[in-house]
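Please keep the structure open beside you while you read.

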Protein chains: 2
Amino acid sequence: MFRTHTCGQLRLENKNETVTLAGWVQTVRKFGSITFVDLRDRYGITQLLFAESLNASLEANPLGREYVLQVSGTVNERSNKNTNIPTGEIELAVSSFTILNKSAVPPFTIQDDTDGGDDLRMKYRYLDLRRNAVKKNLELRYAVGRSTRNYLHENNFMDIETPFLIKSTPEGARDFVVPSRMNAGQFYALPQSPQTFKQLLMVSGYDRYYQIVKCFRDEDLRADRQPEFTQIDCEMCFVEQEDILQTFEGLVKRIFKDVKGIEYTEKVERMTWENAMWTYGNDKPDIRFEIKLCNLKFPSHTFPDRKDISSLVSGTGFNVFDDAESVIAIAAPGCSEYTRKQTDELTEWVKRPQVGMKGLVFIKCNIDGTYKSSVDKFYNTERLKAIADAANAKAGDLILIVAGPEERTRKAASDLRMYMGTTLGLRKADDYKLLWVLDFPLFEYAEEENRWVARHHPFTSPKPDDIGNMINNNPVIENAAEYLKHPYANIKANAYDMVLNGNEIGGGSIRIYQKELQEKMFAALGMDAREQQHKFGFLLGAFEYGAPPHGGIAFGFDRLCSILGGSESIRDFIAFPKNNSGRDVMIDAPSTIDEKQFEELQIKLNLHS
Amino acid sequence: MFRTHTCGQLRLENKNETVTLAGWVQTVRKFGSITFVDLRDRYGITQLLFAESLNASLEANPLGREYVLQVSGTVNERSNKNTNIPTGEIELAVSSFTILNKSAVPPFTIQDDTDGGDDLRMKYRYLDLRRNAVKKNLELRYAVGRSTRNYLHENNFMDIETPFLIKSTPEGARDFVVPSRMNAGQFYALPQSPQTFKQLLMVSGYDRYYQIVKCFRDEDLRADRQPEFTQIDCEMCFVEQEDILQTFEGLVKRIFKDVKGIEYTEKVERMTWENAMWTYGNDKPDIRFEIKLCNLKFPSHTFPDRKDISSLVSGTGFNVFDDAESVIAIAAPGCSEYTRKQTDELTEWVKRPQVGMKGLVFIKCNIDGTYKSSVDKFYNTERLKAIADAANAKAGDLILIVAGPEERTRKAASDLRMYMGTTLGLRKADDYKLLWVLDFPLFEYAEEENRWVARHHPFTSPKPDDIGNMINNNPVIENAAEYLKHPYANIKANAYDMVLNGNEIGGGSIRIYQKELQEKMFAALGMDAREQQHKFGFLLGAFEYGAPPHGGIAFGFDRLCSILGGSESIRDFIAFPKNNSGRDVMIDAPSTIDEKQFEELQIKLNLHS
C-alpha cells in the first residue's frame with residue numbers, strides 16, 4: 001500500500017502520528033521559505049507543509065498541479081485552522097516525498113467551477129471526473145443503486161441477469177443490431193429493455209425480479225437522451241396494480257431516506273391521465289405548485305364528460321376565442337401588477353416556435369377588486385369576473401389565456417404554467433412531490449398508417465373492464481376521420497407512471513398474460529399471425545404453459561439520479577456519456593473497423609452517396 | 001395481491017387460519033373421493049386437499065399439471081406428515097379455487113430429474129427455469145452477487161458503470177461490433193472487458209472501483225463458453241500486488257461464508273507460475289490432492305534453474321525415454337495392485353487424441369518393497385527404486401510415466417494427474433482449496449508472426465525489476481529459432497490468477513501507469529505509433545495527466561457460481577444462455593433483420609458464396 005491514511009482521514013486525534021499519504025497535487029503555494037501543498041484524493045484534501053529543509057529536494061523535483069505524490073511525515077495541529085474541510089485542523093509536516101507520476105498542465109482547472117467548456121470536458125473526461133462536482137454525482141448514483149438493491153432485496157426481489165444479445169423486434173424505437181459471425185447474414189439486437197425476458201421469468205415463477213441494467217435505443221438524440229441508458233427494471237407476479245404502486249412508492253421513499261435523508265411520510269398523490277391532461281395539460285405534472293388550467297373552451301370529443309363553460313368567452317365578437325378550438329387560462333398568483341414590459345415578454349415567450357401560440361390574453365385581477373384586461377373591448381367586468389372565478393383567480397393575480405388548436409394550446413398552457421412556476425420560484429429545488437398518473441389510454445392513433453399503436457407497449461393489459469371491448473371488437477378503423485368513435489379509443493390501460501417534480505421517473509403496467517388477448521393486441525397493432533410468430537412466438541408459447549398474472553415497472557436510473565442531484569442533465573450523472581451525435585469523444589467511438597472484420601462478418605458498407 | 005401467503009410459508013403455527021395461495025399445480029392425486037394437489041411457487045410446495053364437496057367444481061374445471069391456481073381455505077394439521085419439506089406438517093383444506101390460467105401439457109416434466117434433453121430444455125427455457133435444480137442455481141448466483149456487493153461496499157469500493165458502446169480494438173479475441181446509424185460507416189464495439197475504462201477511473205482518482213458487468217467475445221464457442229458472460233470487475237489505486245491479493249482473498253472467503261456457510265480460515269496458498277508448471281504441469285493446478293509431477297527429463301531451456309536428473313532414466317537403451325524431450329512421472333497412491341486390464345485402460349486413456357501420448361510406462365511399487373515395471377528389461381531394481389524415490393512413491397503406489405515432446409508431455413502428465421485424482425476420489429466436491437498463481441511470463445511468443453504477444457493483456461506491468469530490461473532492449477526478435485534467448489523471454493509479469501479446485505476463477509495484474517512504458521509495450525506487440533494513437537490515444541493521453549500506480553482483478557462470475565454450485569457447466573447458472581452456435585434457441589436469435597434496417601444503417605450483406 002502506498003499510504004497509511006487517505007487525504008480525508010486525518011484529524012486532531014492523529015496529532016504527532018507518522019503517516020504516509022498519496023494523492024494529487026491540487027495547489028502549491030509558497031510562503032517565504034516554506035511551501036504548502038493541498039493533496040487531494042477521493043476522500044478529501046490534506047494540507048502538506050514542506051519546511052525549508054526540503055527546498056533543495058523541491059528544486060530538484062518541482063511539483064506541479066495534478067502531480068501524483070506520495071508523502072510521509074508527522075501530523076501537526078494547524079495554527080490557522082480551516083473549518084470548511086474535515087481535515088482543516090491538521091496539516092502534515094512532510095519529512096520525505098516521492099513523485100509517483102508527473103502531469104502535464106491540465107487543459108482546464110480541476111475545480112468545482114471549471115474553466116473547461118463542455119467539449120473539452122468530454123474529451124478529457126478522465127480529468128473532468130476528478131472534479132468534486134462530478135464525483136459527488138457518481139457517489140450519489142452509487143448510493144441510489146445501493147439503496148435500491150437493499151430495499152428490493154429486503155422485499156424478496158431477486159437480481160436475475162437477462163441477455164444483451166437478443167432478437168430485433170423494432171416496435172417504436174430503433175434497435176441497435178450486432179452482426180453475427182457464426183450465423184452469417186443474421187443479427188442480434190441489443191435490448192431496448194428486458195421486457196419480454198422479465199415476463200418469461202414471471203412465467204417461470206421467479207415472482208419478484210429486478211435488475212439495474214443497461215438498455216439501448218438507436219434514436220436521434222435530443223439534448224438529454226443517451227443511446228445507452230440504465231433502468232431499474234422490476235417485475236412481480238400474483239399482484240394487482242395496487243401492490244405495485246405500494247411496493248415502488250416504498251422504493252422511492254427509501255431512496256429519499258437513504259440518499260437525501262428525507263423522510264417522505266405524505267401519501268403519494270394519484271391522478272388519472274385524463275385529470276392530469278385536463279388540470280395540467282400534461283401527463284407528468286409538477287404538483288409542487290398550485291396553478292391549474294382552466295378549460296374555458298375545448299373540443300367536445302377530447303373530454304366528453306367535462307362541463308362546457310365556453311359561454312363565458314364566446315359570443316362577444318372576439319374572434320380569437322370564437323374561432324379557437326381551445327381556450328385555456330391560468331392564474332399567476334400575485335402578478336396583477338406586471339408591467340407592460342413583463343406582459344410583452346410573456347407574449348413573446350408563447351410566440352416562440354417551441355410554444356407556437358399566436359398571442360396571449362391578460363386579465364389583471366387588481367387588488368382593489370377591479371379587472372383590467374387586454375380584451376376589455378369584448379368583455380365587460382361581469383364577464384371578466386366570471387372568467388376569473390372559473391380560473392380560480394384571486395385579487396392580485398394575473399390571468400394568462402392561450403387559444404388555438406386543442407393539442408398545441410394544451411401543451412402551451414402547460415408550458416406556460418411551468419414557466420410561471422419557475423419564474424415565481426414555486427418549483428423549489430429541495431421540495432419533492434411524487435405523483436402516480438394512472439389509467440392511460442391503451443392505444444394511440446397513428447394517422448399515417450390509420451391504425452392503432454400501443455401507447456405504453458404491446459404487453460400492457462387493458463383495464464379488466466375493457467377486456468371484453470377489446471376482444472369483441474374489430475381493431476380495424478373503417479373511417480379515419482372518426483377514429484375517436486372506434487371502441488378502442490376508449491380502452492384504458494392498466495398502466496401507471498411515477499412522476500417526480502414534473503419528470504416521469506418510472507412507468508409500468510399490469511401485463512397481458514392470456515395468449516388470446518396478447519394475440520388480439522398484436523393484431524390490433526397490425527401484426528399478422530406470421531409476424532407475431534416470428535417476433536414473439538416464444539412469448540405466445542410461454543403463455544400456453546401457465547402464465548401467472550403479473551406486472552412491473554421500470555425506472556430511468558440516470559434521470560432519477562439527476563433529479564435527486566438537482567441537475568437538469570443526465571450526462572453529469574454518467575461516468576462516460578456520449579454526446580448528441582452518439583459519440584464518445586474521449587475514446588473517439590464509433591470508428592472505422594478493419595477490412596478483416598467486414599470479411600469475417602460477411603457484411604459491407606453501402607453508404608448513401 | 002392474489003395471495004396472503006406463499007407456498008413455502010405455512011407451518012403448524014398457522015393451523016386454523018384462513019389463507020389464500022397462488023401457484024402452479026405440481027401434481028394432482030385422487031384418493032377415492034378426495035383430491036390432493038401439490039401447489040408450487042418460488043418458495044416451496046403446499047399440499048392442498050379438495051374434499052368431496054368440490055368434486056362438481058373440479059369436474060367442471062379440471063386441473064392439470066402447471067395450471068396456475070388460486071385457492072382459499074383453512075390450514076389443517078396433516079395426519080400423514082412429510083418431514084422432507086418445511087410445509088410438510090400442514091395442508092390446506094380448500095374452500096374455493098380459481099384457475100388463473102391453464103397450461104398445455106409441458107414438453108418435459110418440471111422435476112429435479114427431468115426427462116427433457118438439452119435442446120428441448122433450452123427451447124422451453126421458461127419451463128426449465130421452473131425446475132428446482134435450476135432455480136437453486138440462480139438463487140446461488142444472486143447470493144454470490146449480493147455477497148460480493150456487500151463485501152466490496154464495506155471495503156469502500158464504488159460501483160461505477162462503464163459504457164457498452166465503445167471502440168473496436170481487437171487484440172486477441174474478436175469484438176462484436178454495432179453499426180452506427182448516426183455515424184454511417186462507423187461501428188461501436190461491445191466491450192470484451194471494461195479494462196481501459198476502469199484504468200481511466202483510477203486516473204480520475206476513484207480509488208476502488210467495481211462492477212458486476214456483462215462482457216462480450218466473438219469467439220468460436222467451446223463447450224462451456226458464452227458470447228456474453230459476466231465479470232466481477234475490480235480496480236484499486238495506490239496499491240501493490242500484496243494489497244490486491246489480500247483484498248480479494250477476503251472477497252472469496254466472504255462469498256464462501258455467505259453462500260456456502262464455510263469459514264475458510266486457512267492461509268491461501270501461493271505459487272509461482274514456474275512452480276505450478278514444474279510441479280503440476282498446469283497454471284491452474286487443483287491442489288486438493290497431493291500427487292505431483294516428477295520431471296525425470298526436460299529440455300534445459302524450459303526450466304534452466306532446475307536440477308537435471310535425466311541420468312536416472314537415460315543410457316539403458318530404452319529408446320522411448322532416450323529419444324524423448326521430456327519424461328514425467330506421477331505416483332498414483334495405493335494403485336500398485338492395478339490389474340493388467342486397469343493399466344491397459346490407462347494406456348488407452350493417454351493414447352486418445354485429446355492427450356496424444358504414444359504409451360504409458362508403469363512401475364508398481366509393491367507393498368513388499370519390490371518393484372515390477374513394464375520396462376524391467378531396461379531398468380534394474382536399483383534404477384526403479386531411484387525413480388520411485390524421485391517420484392516420491394511409497395510402497396503400494398503405482399508410478400505412471402509419460403514421455404514425448406515437452407509441451408504435450410507436460411500437459412499429458414497434468415491431465416493424467418487430474419484423471420487419477422478423479423478416479424481415486426481425491427477431488428472432493430465439498431473441499432475447496434484456493435491458490436494464487438503468481439509471476440507469469442509477461443510475453444508469449446507468436447510463432448506465425450515471429451513477435452511477442454501479451455500473455456495477460458497489454459496493460460499488465462512487468463515486475464519492477466524487469467522494467468529496465470523491457471525499456472532498454474529492442475523487442476524485435478532477430479533469430480526466431482532462438483527467441484527464448486531474447487531478453488524479453490525472461491520478463492515476468494506483475495500478474496496473478498486465483499485458482500479454485502483447478503479452475504481459474506479470477507485473474508489480474510498491476511498495470512502499467514507510465515506513458516513511456518505503455519508505449520514500449522504497445523511497440524513490443526507490433527503496434528506503430530499511429531496505431532497506438534488510433535486505438536489507445538485516450539489512455540496514453542490520460543497517462544500524461546498524473547496516472548497513479550494501480551492494479552486490479554476480474555473474476556469470471558458465471559464460472560465462480562458454477563464451481564460453488566458444484567457443476568461443470570456455466571450454462572446451468574445463466575438464466576437465458578446461448579448454445580454452442582451462439583444461438584438463443586428460445587427466442588430464435590440471431591435472426592434476419594428488415595430491409596429498412598439495412599437501409600438506415602447503410603450496410604449490406606456480403607455473404608461468402
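**Notes on the domains and the chain pair**

1. Let us start inside one chain. The centres of domain 2 of chain A and domain 4 of chain A, taken over C-alpha atoms, lie 27 Å apart. Where they touch, domain 2 of chain A supplies 10 residues and domain 4 of chain A supplies 13 residues. Please bear in mind throughout that this is a predicted model.

2. In chain A, the assignment gives domain 1 as 12-101, domain 2 as 133-266 + 555-598, domain 3 as 289-427 and domain 4 as 441-492 + 514-545.

3. How much area do domain 2 of chain A and domain 4 of chain A bury between them? The figure is about 1,000 Å², with 65% of it on carbon and sulfur atoms. There are 2 residue pairs in polar contact between domain 2 of chain A and domain 4 of chain A, both residues at pLDDT 80 or more, and the count of salt bridges between these two domains is 0.

4. On the side of domain 2 of chain A that touches domain 4 of chain A, helix H5 (residues 195-203) of chain A gives the most, with 5 residues. By class, that side of domain 2 of chain A has 3 nonpolar, 5 polar and 2 charged residues.

5. Now for the two chains. Contact between them takes in 130 residues of chain A and 130 residues of chain B. The size of an interface is often given as the accessible area lost when the parts come together. For chain A and chain B, the buried area is about 11,900 Å², and 58% of it is on carbon and sulfur atoms.

6. Which charged and polar pairs cross the interface of chain A and chain B? The rule finds 12 salt bridges there. A salt bridge to look up is that of B:Arg141 with A:Glu161, whose closest N and O atoms are 2.7 Å apart. The interface of chain A and chain B also has 79 residue pairs in polar contact, both residues at pLDDT 80 or more.

7. Helix H4 (residues 132-154) of chain A provides the largest share of the side of chain A that touches chain B, namely 10 residues. That side of chain A divides into 69 nonpolar, 27 polar and 34 charged residues.

8. Finally, have a look at the strands. Strand E23 (residues 603-605) of chain A and strand E23 (residues 603-605) of chain B run antiparallel and are joined by 3 bridges. Within this pairing, A:Leu605 has B:Ile603 as its bridge partner.

Key:
Residues are numbered from 1 along each chain as its sequence is written. Chains are lettered from A and ligands numbered from 1 in the order in which they are written. This is a predicted model: local features need pLDDT of at least 70, side-chain atom pairs count only at pLDDT 80 or more; totals for chains, interfaces and linings use all residues. Side-chain values use heavy atoms; hydrogens and water are left out. Domain bounds come from an automatic or database domain assignment. Contact means heavy atoms within 4.5 Å. Buried area is the accessible area (1.4 Å probe) that two parts lose on being put together, summed over both. A salt bridge is a side-chain nitrogen of Lys or Arg within 4 Å of a carboxyl oxygen of Asp or Glu. A polar contact is a pair of N or O atoms within 3.5 Å; within protein, one must be able to donate a hydrogen and the other to accept it, and residues adjacent in sequence count only if both atoms are side-chain atoms. Helices (H or I, at least four residues) and strands (E, at least two) are DSSP runs, numbered from the N terminus. Ala, Val, Leu, Ile, Met, Phe, Trp, Tyr, Cys and Pro count as nonpolar, Asp, Glu, Lys and Arg as charged, and the others, Gly among them, as polar. Two strands pair if DSSP finds at least two bridges between them.
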